[in-house]
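Subject: Structure handover

Hello,

I am passing on the structure we talked about. Please look it over first; my notes follow below it.

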Amino acid sequence: MKAARPPDEPDNQAVILPNLAIRSAAEAGTPVPSIAFGERKVRSAGLGTRFADTVFKYAMLACTVSVLAIVALVLYELITKSKLTIAEFGFKFFTGQNWDPVLGDFGALPFIYGTIVSSLLALVLAVPLAVGVAVFVTEMCPKTLRGIISFTVELLAAIPSVIYGLWAIFVLAPLLRLHVQPFLAKYFGWTGLFTGPPFGIGMLAAGIILAIMIIPIISSITREVLVAVPQHQREAVLALGATRWEMIRMGVLRNARTGILGGIILGLGRAIGETMAVTMIIGNRPEIAKSLFAPGYTMASVIANEFSEATDDLYLSALIEIGLALLIVTLVVNALARVLVWSITRGHVRAHA
Amino acid sequence: MLNRRNRIPQQVSFSRRATNWVATAAAASAALLVLAPLFAIFGYLVYKGIGSINLEFLTHTPRPVGEAGGGMANAIVGSGLILGIASLIGIPLGMGAGVYLAEYGKDRYSDAVRFTADVLNGVPSIVIGIAVYALIVLRQGHFSAFSGGVALGIMMIPTVARTTEEMLLMVPNNIREAALGLGIPQWRSTISIALRSAASGIITGIMLAFARVAGETAPLLFTAFGNQFWSLNPNQPTAALPLQIFTYAISPFDEWHRQAWAGALVLIVLIVVSVAAVRLAARRGSVRHTA
């Protein structure tokens, strides 16, 4: 057969060579890949088809390159545009407490403090609720309620940040000022966390609105992870005589804790980067105060508020450097969360296959 | 041993039963507590917004401070323009990347792309705004609807890519092989067979990405910038509904607060209607899958 096709005909070579490869593979007893049949049948249009296939593949490849390019470009732009303050302040930028655009003195510590405190406060409030909802939906509630509850929790994620902010200004803040803050000051004022005049707006309000905003992401990932826990784990614990809660605690939550942690960290990433609602409610004052009633400022909200007013290059560079720090922190946090979540849900897919 | 195996649940000790009951109650009240703000927000939006929505609000541009009346027509249209540009950028790039990941993506490069897409999904929107500002606005020297569209388009890519990939992976391989066996080139089989079978799921993903960026404000602050007047020129600063809500909400004027609530109601209705419609469509699509 091979002899019947003289290999020295130049214009046939491109078409023949793959066929030869297929044939020798078939003769060697290895199974021929199914795609090969297609290629053989359309031999008359072979060159054009293969050309089109290659073009198509590379066009799709270009789209994936764009994803990598965007992340690289974002990093590059932020680094080059913040060179000025990186050169001028160095690491002191992140430890300085003064933020004075007029004198050209920039220290970002108050914003970093505000971001950390508001995000942690949000986590403290959101995690028990989000995990509670997820446990309730997957393990406890009647089937008819399951879809309704998860749909409404998902709806919370669809509300735009600016509407949370609007609601926080006109509903949450007065509520805090008139009812919640006086109560907290009276009974928990001794902790030092709830002192000072109750403005309504401030760190506490920011933490609450952030908590509401990150509950959907934590609870939806927790739900995903809980569903991935194999059924026989539950049955095994129940068979030992456990009550339902003991089954959930020992058979489900213990197995799912890595994934839940991933969801929590993902929520943290969301909280750190959240801008509009926080900007509208936190009070926007670059101060480090122990009391949660006091107004604060976060990294994201200082950018939102001052970026379009930044007139000189140093000011702009300082704001962009804050953006760069924000980007790097969220990249690390998200990468960590993804690795944790993947380690659970991927095993789930493999177990099913 | 035998005794223990014969225990029936009623004989479980009181403290364990109490713990079980308390835990159930706690989880149920967590669910209630989470749903409370949702109803509070929707309730207030309707209560405060509905009285302010009228024909003038939907057809007029903002009046100067102090004058009653006026509306957000330019912001609604501006949002449409910016979202149109965003879709033109985000949907093709996202779908293309998704197709590559599903049809060719078994190597480590594709894993790196998946990881990067997931990470890009978590980048704060305000950081995307700064990057686009540095990339486009600084170079052009002025704010524009186009730069706003680019920022939102970038944010759409990861969601569209990952759902496209997921949906394509659900298309059975026999269909692709059957197409190839009939002599259809691979690119044709991908476009007309695989993508078409996965269409309803992919559309769901696109709509969710669209709904997500439709309410974004932070990346528009210094790209589209906002505008009190009509502008349909993609090269000019343009008003957007979320931007207008933000400006009005933090202003000290009652009239503007009223309009902010009305704008928020319009925005949420547009978003929730699209998400709910998509959910219905997706349910119908999944029924077809199992049939």
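Chain B has a radius of gyration of 25 Å, whereas a compact globule of 291 residues would have one near 19 Å. Please keep in mind that this is a predicted model. The C-alpha trace of chain B spans about 85 × 65 × 35 Å along its principal axes. Of the 291 residues in chain B, 49% are buried. Among contacts in chain B with a separation of 6 or more, 75% are between residues 24 or more positions apart.

The secondary structure of chain B consists of twelve helices and zero strands. One of the helices is α5, which covers residues 108-122 of chain B. Its end C-alpha atoms are 21 Å apart, and this agrees with the 21 Å that 15 residues should span at 1.5 Å a residue. The buried residues of α5(B) are B:Val113, B:Arg114, B:Thr116, B:Ala117, B:Val119, B:Leu120 and B:Gly122. In general, residues three or four places apart in an α-helix point the same way, because there are 3.6 residues a turn.

A:Gly200 sits in the loop between α7 (161-188) and α8 (203-228) of chain A. A:Gly200 counts as buried because 21 other C-beta atoms lie within 10 Å, and the cut-off is 20 or more. Apart from neighbours within four places in sequence, A:Gly200 is in contact with A:Ala173, A:Pro174, A:Leu176, A:Arg177 and A:Ala205. A:Val127 is 73 residues from A:Gly200 in sequence, and the two are 23 Å apart in space, C-alpha to C-alpha.

Regards

Terms used
Residues are numbered from 1 along each chain as its sequence is written. Chains are lettered from A and ligands numbered from 1 in the order in which they are written. This is a predicted model: local features need pLDDT of at least 70, side-chain atom pairs count only at pLDDT 80 or more; totals for chains, interfaces and linings use all residues. Helices (H or I, at least four residues) and strands (E, at least two) are DSSP runs, numbered from the N terminus. The expected span of a helix is 1.5 Å times one less than its number of residues. A residue is buried if 20 or more other C-beta atoms lie within 10 Å of its own, exposed if 12 or fewer, and partly exposed in between; C-beta atoms are placed from the backbone. Two residues are in contact if their C-beta atoms, placed from the backbone, lie within 7 Å. The radius of gyration is taken over C-alpha atoms; the globule rule is 2.2 Å times the number of residues to the power 0.38.
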